[in-house]
Amino acid sequence: MRELLVHDPRRVGDYALLGRLGRGAMGTVYLGRSPGGRFVAVKVARGELAEDPDFRQRFRLEIAMARAVGGFWTAAVVGADPDAERPWLATEYVPGPTLTEAVRTGGPLPEPALRALLAGLAEALAAIHAAGLVHRDLKPSNVLLAEDGPRVIDFGIAKAVRSTAMTATGVLFGTPGYLSPEQISGGDVGPASDVFALGAVMVYAATGTGPFGNGEVAALLYRAVHTGPDLDGVPSELRPVVSRCLNTHPQARPTPADLLAEVGEAPTGHWLPAQVRTLVERHHTELLKPVKPPTPTLVDRPAALPPPPVGLPGAKSGAGNLPKAASPPGQSPSAVNADALRLRTTRVVPLLWAVLAGGCTIVAMAAVAKSSRYGEQGVAAAAAVVAVLFGLSAVRSLFRVFMVRPRAVVVADTGLRVSSADGERLVPWRDVSRVRVVGDGGKPWLVLWLRDPSTADPALGKRHSRRHGGFRVYPVSHHHGKQRRARDVLELRSSLQHHAGGTYDPTP
């Protein structure tokens, strides 16, 4: 379990959220606790799915069907709200590792554990199919190993995600290596598809590898349709039943009831090997650990943001100059709450690039001289172009180092604190009409609109545009790569949503 991020909700329905368990196709899964102290797994839908009315309707139907699933080997649904701002579903929390984690840590399961796993999964599928559901994505990561047997999770949810208007034509949903041939070829998907996946899961549990090996997605899909599974490593006693599960013809596969009749009674007592039991105990122990508050996130610089000087020469007074009386009792104007998001520009990245580009310019110029000396005019021309490009880049980076003033911003519950060479301003959210992350020329800016623009001062930055108004408060990771920039934009958007409330405009 990982700690909650600053933008994560603290409560969903009646459940207090304690930490993050993971993230999937539908959304984020949290560990929650009911008012009575019971632990639950709460899955909250992604924002874009929540905006799709078709998803909400199908999600509502799936919840009604999932509630009907009984049996010992599934995680029961204990709460849900498809009409919430972000639909959510809560199931009982099973403190145990996934089959993937168990096999990676302790290796393939022994034959008695495999027999118990097969019986438990078959009984779980029988309960799911009896409720009119088809899992469609049974795989090792959707199987939890508890002290008293396996549990199947995430049944019925993938269908709701798959059926939304957001689904692109030709996109294959599911996990290659565990998809049945009819799923791959676009045929009818029914209970027999889950039985095929069960056979693939058993091969993984017995060998540590799926029945169709590893490799590219296209290769896995081809093997599932056109070649037989690799059952080497599966115990001889279980190999016939696993082979029938992996038959390419759905009608030739056994039903879950057939599997239960064939495998017989599962072993009682400790069904897991010692290493896996240790993992189960570790998951139990994690529930007893105290929950830490969200850690403040720093963008662009790992060090803490020092308090910048107040009242520098040339700073003008305005609405952004908040008197001490407006701050919370006992708190200075520059103080912020613990979960505030701190952002600060840095000159290190452009300076390093200027040095690198300057070095490349020197090397290219040397190549021009050498090529000219030996009469290689084509090479000399190409090297000259490279030298010019690197030289311009070096000059541009040096301009950023010496001419662009550093800026710092703190996003907090009290408001937006902006620090620059023109001074420090704390703009409370009540004075903000709108705040938004705006893309301009492929680079994102934090833009702020005041309720009374005439009270602005230089510390807020330059005007965003004459047409749209606003002030460019902060350049978000302009000196970093696209991947880092996208991550920082996401973190900033989440923090604004958490702290700014209704003044935050989520428009991309």
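**Close-up views of a predicted model**

The chain holds 14 helices and 16 strands. Helices (H or I, at least four residues) and strands (E, at least two) are DSSP runs, numbered from the N terminus. This is a predicted model, in which local features need pLDDT of at least 70 and side-chain atom pairs count only at pLDDT 80 or more, while totals for chains, interfaces and linings use all residues. Residues are numbered from 1 along each chain as its sequence is written, and side-chain values use heavy atoms, with hydrogens and water left out.

**View 1. The chain as a whole.** Of the 508 residues, 47% count as buried. Buried means under 20% relative accessible area, exposed over 50%, and partly exposed in between (1.4 Å probe, protein chains only). Contact means heavy atoms within 4.5 Å. Among contacts in the chain with a separation of 6 or more, 63% come from residues 24 or more positions apart.

View 2. Two strands pair if DSSP finds at least two bridges between them. Axes are lines fitted to C-alpha atoms, for helices over the stretch in contact, and angles run from 0 to 180 degrees between N-to-C directions. Within the sheet, β4 (residues 39-45) and β6 (residues 88-92) are joined in the antiparallel sense by 5 bridges. V40 has E92 of β6 as its bridge partner.

**View 3. Helices α3 and α7 pack together.** Helix α3 (residues 99-106) meets helix α7 (residues 191-207) at an angle of about 25°. Their axes lie 9 Å apart. The two helices are therefore roughly parallel to each other; angles under 35 degrees count as roughly parallel, over 145 as roughly antiparallel, 65 to 115 as roughly perpendicular and the rest as oblique. From α3, the contact uses L99, T100, V103 and R104. From α7, it uses V201, Y204 and A205. By class, this contact has 5 nonpolar, 1 polar and 1 charged residues. Ala, Val, Leu, Ile, Met, Phe, Trp, Tyr, Cys and Pro count as nonpolar, Asp, Glu, Lys and Arg as charged, and the others, Gly among them, as polar.

**View 4. A hairpin joins β7 to β8.** The link between the two strands is 2 residues. Strands β7 (residues 143-146) and β8 (residues 149-152) run antiparallel and share 4 bridges. V143 stands opposite V152 of β8.

View 5. The order is β14-β15-β16, with antiparallel pairing. Strands β14 (432-440) and β16 are the edges, each pairing on one side only. The twist averages 30° from one strand to the next. Strand β15 (residues 443-450) is joined to β16 by 4 bridges, and W445 stands opposite P475 in β16. H478 sits in the loop between β16 (471-475) and α14 (482-499). At 13% relative accessibility, H478 counts as buried. Beyond its neighbours within four places in sequence, H478 is in contact with K443, P444, W445 and R485. H478 and P444 are 34 residues apart in sequence, yet 7.5 Å apart in space, C-alpha to C-alpha.
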